[in-house]
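Please go through the fold of this chain with the model open beside you. Start with the overall layout, then turn to single residues.

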Amino acid sequence: MNSKNLNSAQQKQLEEIGLKLNQVRTAKNISLETVSANTRITKRLLLAIESANSQELPEPFYIRALVAKFAQEIGASEIEFINQSSESNEATEKTSNRHK
C-alpha cells in the first residue's frame, strides 16, 4: 500500500472526500468506533480515509468501496470516490473523438 496507487487527481479527490466525511460524521456526533462497528471497516482505515493517508489505504478500487460504505453509514451517500485510471480516461477520450 503506497501513494503510487493514486494519481494526483485521485489524491486530491480523496482529500476532499475525507474532509467532507469527517465534517458530516462530526456534525452528526457519530464516533469512528460506531462507524467501524457498523461497517466492519477498521478504525485505522476510516482514519486514513478522513486524513487522505493513501499510504494506509489499498488500491483505488477498494477505496471506492470503503468510501461508499463509510458514506452510507453516516448518511452521506452522495459522497463517492471516482476510480478513474489513466487507461479509462484514454478510452473515454478515444470514444469521444470518434463521435465528433
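## Fold and confidence

From the N terminus on, the elements of the chain run α-α-α-α-α. The secondary structure comes to five helices and zero strands. Helices (H or I, at least four residues) and strands (E, at least two) are DSSP runs, numbered from the N terminus.

This is a predicted model: local features need pLDDT of at least 70, side-chain atom pairs count only at pLDDT 80 or more, and totals for chains, interfaces and linings use all residues. Residues are numbered from 1 along each chain as its sequence is written, and side-chain values use heavy atoms, with hydrogens and water left out.

pLDDT is the predictor's confidence in each residue, from 0 to 100. The chain averages 83, and 78% of the residues score at least 70. Over residues 85–100 pLDDT stays under 50. For that stretch the model has one contact beyond four places in sequence. Contact means heavy atoms within 4.5 Å.

Take contacts between residues at least 6 apart in sequence: 64% of them join residues at least 24 apart. Buried residues make up 34% of the 100 residues in the chain. Here buried means under 20% relative accessible area, exposed over 50%, and partly exposed in between (1.4 Å probe, protein chains only). The accessible surface comes to about 6,400 Å², and carbon and sulfur atoms hold 49% of it. Such areas come from the Shrake-Rupley method with a 1.4 Å probe; for residues, only the protein chains shown count as cover.

## Helix α4

Helix α4 spans residues 60–73 and has 14 residues. From its first C-alpha to its last it reaches 20 Å, close to the 20 Å expected at 1.5 Å a residue. The expected span is 1.5 Å times one less than the number of residues.

Which residues of α4 are buried? They are Pro-60, Ile-63, Leu-66, Val-67, Phe-70 and Ala-71. They cover an arc of only 130° around the axis, which puts them on the same side of α4. The arc is that of the directions from the helix axis to the C-beta atoms. These buried residues pack against α1 (8–27), α2 and α3 (43–50). The face turned away from the buried side carries the exposed residues Phe-61 and Gln-72. Gly-75 follows α4, and its phi is positive, near 75°.

A search of the whole structure finds one aromatic pair. The rings of Phe-61 and Tyr-62 have their centres 5.2 Å apart and their planes at 85°, so the pair is edge-to-face. Rings of Phe, Tyr and Trp (its six-membered ring) pair if their centres lie within 6.5 Å; planes under 30 degrees apart count as stacked, over 60 as edge-to-face and the rest as tilted.

## Residues to look at

Ser-36 sits in helix α2 (residues 32–39). Leaving aside neighbours within four places in sequence, Ser-36 is in contact with Ile-41, Thr-42, Lys-43 and Leu-46.

Two loop residues other than glycine have a positive phi. Asn-29, in the loop between α1 and α2, has a phi of about 55°. Ala-52, in the loop between α3 and α4, has a phi near 55°. The table gives the accessibility of these and other residues.

| Residue | Relative accessibility | Class |
|---|---|---|
| Ser-36 | 17% | buried |
| Phe-61 | 55% | exposed |
| Tyr-62 | 48% | partly exposed |
| Asn-29 | 71% | exposed |
| Ala-52 | 9% | buried |
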